Structure formats: structure tokens, C-alpha cells
Amino acid sequence: MIRADTIVTDIGELATLARGPVPRIGKAADDLGVLTDAALAVAEGRFAWVGRERTLSTAVRLRPGGRRLSAGGGVVVPGFVDAHTHVLFAGDRAFELPLKVRGMGYAEIARAGGGLFATVRATRKATDEALLAATAARLLRMGSWGTASVEVKSGYALTVEGELRLLRLIPRLARRTGLRLVPTFLGAHAVAPEYRTRPDAYVDLLVKDALPRVAKQGLARFCDVFCEPGFFSVRQSERLLRAALALGLGVKIHAEEFILSGGARLASRLHAVSADHLLAARAEDRELLAKSGVTAVLLPITALTASPGVRSPGREMVDAGVPVALGTDCSPNSWVEAMPLVLAHAVHAARLTPAEALTAATVNAAHAVGLEDAGMVAAGRPADFTVFPVRSVDQLGYRFDVIPALVFRQGNPISPPTLRQYF
Ligand code: ZN
């Protein structure tokens, strides 16, 4: 008999995501492993039992003082994994939007004091506590939307000491928010303004000074690079990522966001864990990603905000046999925290089925950030899950704005952020 701390009953549909090998590709991405009339039990922060409610009483007993909750006939899904964020920054860039919608270009906005370097200036100036408070607020709101794990990139300092400082804040943010955070070194987010005319010297600095310290101090799990004309060339990206691989880090690439950059091809050559964005990827790139097993991390809301009129190639990637994962890409340029909204855009704009979108936001996203035990509801896994007040799993992605009814982190319900934590 299993002794549980928490039992949840009256689950209309439970998407376990627990069937088959990870990541899910092709038809398997459409199979959520749904149990109907289900219940689950949690012990010591992990799922202890998952099954049909009518068999619960023969398998599980609640510990004295344990908690028994009803899901009210709603849906349970695994805690979302947000596979790509730039959530660690200071300030905001709301003032740019009226300029952008009137047609002002990137260079003009930069001259008007905006763009990525505006965030770099604000982040360099911010104290640790200011960065922690602003980022923790964003992460807590992400959590209240059902996100349990978040990949967090550095990249708004663009100095060695500054980037290391950002990475050191990530474990503190994890403790403050209760979320699982995966740190990624993105010193190559852009060439630092001080190196504007000497980009190779900046790559040198990252390879010879920053990366060895990041690896030695265990500050990041992945190294990422913005491989795009005007940022880092394929040659520079390859140099940086090969250095990261040699130091034992996993690698990721911002690839083909605005134009064909060769990033997807490079990701495939290096067997990167993921290639992200991919708005301009061609059929050959999809074939290469499929063949080398690189996960495509798609960011459908950034397609909307940064490349209006271009849609994220969800359908094409799944049909080509590429594993697909999703992220918010939360940044001052494209500020979204809610994974349910990302799911809806993945369905309505990127043309994934609701089931494929949920797979991409859970088990495949967990794979894309190296959290092999996340994104599933199965005995032995961390008990991160969300109850949505809808009758069937396919309502997620179909509807844009379903708000979670209950969010559990390691077996405990979380309370919504307080007003003070909201800002
Ligand atoms: Zn990004």
C-alpha cells in the first residue's frame, strides 16, 4: 500500500505524457497518454501513484493529516517547461512599441535610445537586489500560469564579470521562487558595444576568459549564441560552441530568426541540443534537424511581436520528423510569461494540434533543457502539475485564455503571487 501526503481525485482527463521515448516526434507527439476519470497520489514531493480513480483505494492510503483535493472534473497536465527565456533583465522597453507600430526600424529605434543595448545599459546599472526582485516577480507570474521549470539565459551584460554575475543570480532566483531554473550562458547575445568594431576579439574574450570560468564554476548547463548576420557569423558561432562542448556544456543556437543564417545547419553538425526560432529555416534545414535529432524550440509569440506576418513553422517541423518544443522567449522585446498563451499561438499560428502543442510545452521542452525527469505525470517524477477548469485536454491550445485553477509544485499547491510580488 502506498502512503500518500496528497491525493487529487475527480480528474476528468489526466494528460500523463508518459508513453513512449523522449523526445516525441511525428505521430507520437500527438499522443498525450490521457487517462479519464483519474486520480493521483503524491508522496514526498513526487508522484507516488497515477491511475483510474476506481482503483485508488486499493493502492493508496492517505497519511494522517494528509491532503485530499478534488479537481472538480477538470483537466490535469504536467507543469509546463518554458524552454527559452531572456527573463533576467532590468527595465522595460514599452516606449518602443508606438515607434515600431508606426514603422520605425531597428537602427532608428537604437538611435532613439532603445533596442537590446538599452536593456544592456539598464541591466549593467541594476543592483543584484533590483534584478532579483524584478525577475522573481516575472517568474512567480510564470509559475501561476502553470510553469514549473524555466530555462534562463544571461546575455544583457555583455562583459565577462557582468555575465557571470547574471548567472550567479539564477540559483538565488530558483530558491526565491521555487521554480526549477536551467541556466544558459548567452554572452554571445550580441557583440558588446565596446567591441563593436572588433567582433572577433569579443568572441576571443568569451572563448578564453568567460567560458572556462562559467564551466569551472558550474554556472551554466548550456551555451547559446545569436547566429545571425549583424550578430555572430556561423564561423564565430562554431568557434564559441565548440569551445563550450569541449568544456562539457550543452549547446543551443538562435538560428534563422530573421533570415537564413546557417544556424540550423551548424546545430545539426554540432548535434546541438536545440536550434531556436527557425522562422527562415528551409526544407533542407528541417531534414538536417530531424536526422541529427536536434530539437526545434519554437517561439510563436516572438514571431508575432518581432516578425509580423511571419509564422513559426510548427506544422512543417512536426511533419518533417523534428522534435518540437515551445518557449515564451520572455524578454523586454517580446514580453510574455503565460505558457497557455504560447500553446494557443502554437496551435492557431504555428499550426500544431493542441496535443502536439502540449507535448512541445512539457515533455519535449524538458528534453530541450536537459530536465529528463520533468514534463510528465508518472510515478517517481517530481509532482509538478496544474489543474485547469476545462472538461477536456484539447481545450488547451484551442482556447487562448484558460486560467489554472490549482498549480502544484513538488506536491504542494502554490498560492498566487501577492500584489507586492507582482511588481
Ligand atoms: Zn532568444
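These legends describe close-up views of a predicted model. Residues are numbered from 1 along each chain as its sequence is written, and side-chain values use heavy atoms, with hydrogens and water left out. Because the model is predicted, local features need pLDDT of at least 70 and side-chain atom pairs count only at pLDDT 80 or more, while totals for chains, interfaces and linings use all residues.

View 1

**View 2. Domain 1 meets domain 2.** Here 30 residues of domain 1 contact 33 residues of domain 2 (contact: heavy atoms within 4.5 Å). About 2400 Å² is buried between the domains, 67% of it on carbon and sulfur atoms. Buried area is the accessible area (1.4 Å probe) that two parts lose on being put together, summed over both. On the domain 1 side, Gly397, Phe400 and Arg409 lose the most area to domain 2, together 24% of what that side buries.

**View 3. Polar contacts cross the domain interface.** Seven residue pairs, both members at pLDDT 80 or more, are in polar contact between domain 1 and domain 2. A polar contact is a pair of N or O atoms within 3.5 Å; within protein, one must be able to donate a hydrogen and the other to accept it, and residues adjacent in sequence count only if both atoms are side-chain atoms. Zero salt bridges are counted between the domains (salt bridge: a side-chain nitrogen of Lys or Arg within 4 Å of a carboxyl oxygen of Asp or Glu).

**View 4. Three histidines hold the zinc ion: His84, His86 and His254.** Each donates through NE2, at 2.0 to 2.1 Å. Donors are N, O and S atoms within 2.8 Å of the metal (3.2 Å for Na, K and Ca); water is not among the atoms, so sites may look incomplete. Along the chain the donor spacing is H-x1-H-x167-H. His84 sits in the loop between strand S6 (80-82) and helix H2 (96-101), and His254 in strand S10 (residues 250-255), 170 residues apart. Helices (H or I, at least four residues) and strands (E, at least two) are DSSP runs, numbered from the N terminus.

**View 5. Glu238 pairs with Arg242 in a salt bridge.** Their closest N and O atoms are 2.9 Å apart. Both residues lie in helix H8 (residues 234-246), four residues apart, about one turn of the helix.

**View 6. The peptide bond from Val22 to Pro23 is cis.** Its omega is near -5°. Pro23 lies in the loop between strand S1 (2-15) and strand S2 (34-43).
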